[in-house]
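Thanks, everyone. Please bring up the sequence and the model, and we'll go through some side chains and some helices.

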Amino acid sequence: MPVIVAELYRSLGITDAEYAKIVELLGRPPSETELGMFSVQWSEHCSYKCSRPVLAYFRRYREAVEGEGLENAGVVEIGDGLGVVMKVESHNHPSAVEPYQGAATGVGGIIRDILTMGARPIAALDSLRFGPIRDGEAAPEVVARNRYLFGRVVEGIGGYGNCVGVPTVGGEVSFHPRYSGNPLVNAMCVGLLRLDQVTTAGAAGVGNPVLYLGSATGKDGIHGASFASEVLGEDSDAKRPNVQIGDPFAEKALIEATLEALATGAVQSIQDMGAAGLTCSTTEMAAKGGVGMMIDLDLVPMREEGMTAYELMLSESQERMLCVAYRGREQEVVDVFRKWDLHAVEIGQVTESGLVIRRHGQVVVDAPAEAFTEGCPVRDLRGEEPEYHRRAREFRLDGIPETDLGEGLLTLLAAPSLASKGWVTEQYDQQVQTQTTLLPGDGDAAVLAPRGTGRGLAVAIDGNGRWVYLDPYAGGLLAVAEAARNVACTGARPRAATDGLNFGDPNQPHVFWQFERSVRGIADACEALGVPVVSGNVSFYNESELGEVLPTPMVGVMGVLEDAGQRLSSRWAEGMEVGLLWVPLETGPQQGLGASSYLAECHGIEDGVPLAPDLAGEAELFESLARLAEQGTIGAAHDVSEGGLAFALAEMAVGSGVGAELDVPASAPLGSRADAQAFGEVPGLVVVAYPKGHGPRVEGGVVGRVRFAPMGRVGGDRLEVVFPNGRLSVAVHNLAQAYREAIPAAMQPTREQEGA
Amino acid sequence: MRVAVLRFPGSNCDQDALHALQDDLGLKVGYVWHTETSLAGYDGVFVPGGFSYGDYLRCGAMAARAPVMDEVRRFAAEGRPVIGACNGFQILCEAGLLPGALVANEGQKFVCRDVWLEAVDRTSRWTRGVERPIRLPIAHGEGRYVCEPEDLARVEGEGRVAFRYVGGPDGGPGNPNGSMDDIAGVLNPAGNVLGLMPHPERATKAILGGTDGRLVLAGFQMALVS
């Protein structure tokens, strides 16, 4: 056994204190394979050693950690004996160095996370962040790189998702200089299962066979989890071999084979081989079940000969699962996987205790499974409020000229972050499985109408790094309120949330402070809105030589419509009337323009703080929308978000191709400046459209403190809006052109360069 | 009428096809695995979309050589209804049951959206019920229909262009992928075999945004009267 020197374990990201703890847990120095396994299981990606104390703000997480474990806490009952599971996973670092495969395997990984719970993956969403893609917004080579990353990530998501047969039904993309060196690629998957089919990952039954399922193991992706837990640097391109290669065809077969095998009843427990493959699946299944495992690595299907125990245990080859079958019934599982041309091989069995792993007859690992999964010491990190945050509260609008409202609106529509994402969504199969009833772009959230129930599932994912950067707590509240409001605008009642938390290096006090404050905001909002966080993902160290990313938590929310047929789109139609729903709110001295897209895009200013939502009022707003949808009172709803009321109205006009003549009520919470009234980002505002004459019914249908005022009617080819202190009038055709052509125009040079 | 929905590893519209035909058109439907050598008990075939065998070779090339395809050829020759949508169209071309091939879209990108189609020749079982322009979804990266000039002349001359892409009533774009002559679907000489890139099985109920797919799939039921 080689002597483990400090240089070796430090190069694997293990600190001196952690190494001492490993020696203490084992009662001896670790073998090289054990050390490699500890390095991945104790990485932030797997152990949450930096984030655990903060994640305890999430009630379900806290209760699950204290109670029987996380897996079953993630199932949300929706009626008809059905449950929904959902989760977000980041694949930021792999996508930074190898965008196509990084994004593709991110999709594949999150699909297996859902599959492993016994659910059929029914929808995927993606939340993406890149540096600027327009000329002049960064150095030419940086812009070119951003375009390349954006284009290839989208192709990777499509390439994998389209083939694997899970519709990509939504998501969001935005651009900011702070993502230039380190794009964010978060994939979310939603699965549907029968409640009596929920699986467990806890191994049980001494003597039961441990089966390796799926593709063979190669040398790809070794140390991927550790790679995800360090800062990107100049040598990151050299890490391309750390990036896994995806095979969506194998994954499609794996989905069908796994669901078929689970249906036989021969599977006792199952887990996907995610980060660190065999390491996480063996240690976590044994630890969860409170048992041991004996594994013979010689039996593992391999893509090449002569792989070492270290390589086999740390490979992140994709499209693999590990399961425990009931002794005597393992052949049923094997037969199913053979039919799908996939490996299904017994590589060991469940034992009383201890994880014992052999290679070429030699014991290479002999340790309690819990040492890997629970032994990792929690790091006690401290946060500190940064100076910029104190200043942002004092920001004032004095001296900022008011942009012409029409020009300002066109500028916002043409900003890639706010512009139409049709260029992206058209590259994704949004309809496979034929359950998508509201498509991306047609509504504020995607709505699925799963077979086997008349209910509808609305899903959305949202996050705004600028808001969180300038006020992490309010930003956290807003991320939840926004995603939930998007879901509510389809008529669904928000039911549960998941999150992807993307931050810089948590050892930096200001980063840890951003993390802690925004998670507190997310947790408080979820509690107030009654949408428990059922799963989540933490991604730290998102920084490069170009700096750290904006603190970017992304929140996915799922809601339920009692009748999928009652879903609301965000498109009005000729002849409808238009009104505004709102929750009364003080807009304060920054008038809703703090941290706004308007200040950033029209004035180049990123300062001030976003308005925090009134959560009790938001809950009443959501209930109002659900009732109005159920009663058939309204025909469309669209929330006011980035870009303000004017932007929301423009999107409704562009989506339907019809203009409107509207008067904005002076009683709405919209500030006193004309630009604040048009572009202020005030939470709790929803534009609704309804058949002529339904105004009184809308007014009578809202609950609590929610207010309603009619604004006018749909018709004509211009959007004409009179605000209390200003007006705008722009042809719908011009709005559509700015909105739809922004991203294709920015991406055009890439194609020409490639063609040249 | 009992319809076989073929399943290849990598098919991903097989379940959609089964449910559309069974739940929305009321047909009897069963899955048939690619290794089967008999279609006994079935009267028609649906070759579904997806990425058969990963489409790592040419699209549909591997599936066209699967054991079950001998039976599909027999069905085609016997005049029974055979329809292939998307990857199913690619498979039928690779199997030699339809002329031409599907290559990468002109825009070099996967395209998922609705298109409008016009039935060109209305004498086949698949086009007889399509009296007006219909709206169907497409979702493909390799859907540009190409064939040799003499094949194209024959297909056009014999009235075997089943569907052409046309501009929508809202003036939207027509041909989404650069297909020759805006061809979206072609027939075999007898008219019982149809291949098309759009997905009729994705448009069989209102909650999915349209029901025009039923007009095409009703071709299975035409067999009862013809």
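One term before we start: a residue is buried under 20% relative accessible area, exposed over 50%, and partly exposed in between, using a 1.4 Å probe and protein chains only. By that rule, Phe38(A) and Trp42(A) are both buried.

Some bookkeeping. This is a predicted model, with local features needing pLDDT of at least 70 and side-chain atom pairs counting only at pLDDT 80 or more, while totals for chains, interfaces and linings use all residues. Residues are numbered from 1 along each chain as its sequence is written, chains are lettered from A and ligands numbered from 1 in written order, and side-chain values use heavy atoms, leaving out hydrogens and water.

Now rings. Rings of Phe, Tyr and Trp, the last by its six-membered ring, pair if their centres lie within 6.5 Å; planes under 30 degrees apart are stacked, over 60 edge-to-face, and the rest tilted. Searching the whole structure gives 20 aromatic pairs over all chains. Phe38(A) and Trp42(A) are one of them: 5.1 Å centre to centre, 80 degrees between planes, edge-to-face.

Next, Trp340(A) and Trp33(B). Their ring centres are 4.7 Å apart and the planes stand at 75 degrees, so this pair is edge-to-face. Where do the two residues sit? Trp340(A) is in the loop between helix H14 (330–339) and strand S10 (343–351) of chain A, and Trp33(B) is in strand S2 (residues 28–33) of chain B, so the pair joins two chains. Buried or exposed, Trp340(A)? Buried, at 4% relative accessible area. Trp33(B) counts as buried too, at 12%.

There is also a ring cluster. Ring pairs link Phe503(A), Phe512(A), Phe515(A), Phe540(A) and Tyr541(A).

Charges over rings. The test is NZ of Lys or CZ of Arg within 6 Å of the ring centre and within 35 degrees of the ring normal. Arg520(A) lies over the face of Tyr57(A), 3.8 Å from the ring centre. In chain B, the charged end of Arg80(B) sits over the ring of Phe75(B), 4.6 Å from its centre.

On to helix packing. Axes are lines fitted to C-alpha atoms, for helices over the stretch in contact, with angles from 0 to 180 degrees between N-to-C directions. Under 35 degrees is roughly parallel, over 145 roughly antiparallel, 65 to 115 roughly perpendicular, and the rest oblique. Contact means heavy atoms within 4.5 Å.

Helix H8 (residues 99–115) and helix H9 (residues 140–164) of chain A pack at about 40 degrees, axes 7 Å apart. That makes H8(A) oblique to H9(A). The contact includes Ala103(A), Ala104(A) and Gly108(A) from H8(A), and Gly156(A), Gly159(A) and Gly161(A) from H9(A).

H8(A) also packs with helix H11 (residues 248–264) of chain A, at about 0 degrees, axes 11 Å apart. So H8(A) is roughly parallel to H11(A). Gly108(A), Ile111(A), Arg112(A) and Leu115(A) are the H8(A) side of that contact.

Then helix H17 (residues 405–413) and helix H24 (residues 644–656) of chain A. Their axes come within 10 Å and cross at roughly 65 degrees. H17(A) and H24(A) are therefore roughly perpendicular. Leu409(A), Leu412(A) and Leu413(A) meet Ala646(A), Phe647(A) and Ala650(A).

Also in H17 of chain A is Thr411(A), partly exposed at 33%. Thr411(A) and Ser597(A) are 186 residues apart in sequence, yet 10 Å apart C-alpha to C-alpha. Leaving out residues up to four places away in sequence, Thr411(A) touches Glu601(A) and Cys602(A).

Last, backbone. Most residues other than glycine have a negative phi. Asp80(A) has a positive one, about 60 degrees. Asp80(A) lies in the loop between strand S1 (76–79) and strand S2 (82–90) of chain A, partly exposed at 42%. Gln591(A) also has a positive phi, near 55 degrees, but is buried, at 11%.

Note on methods. Helix = DSSP H or I, 4+ residues; strand = E, 2+ residues; numbered from the N terminus.
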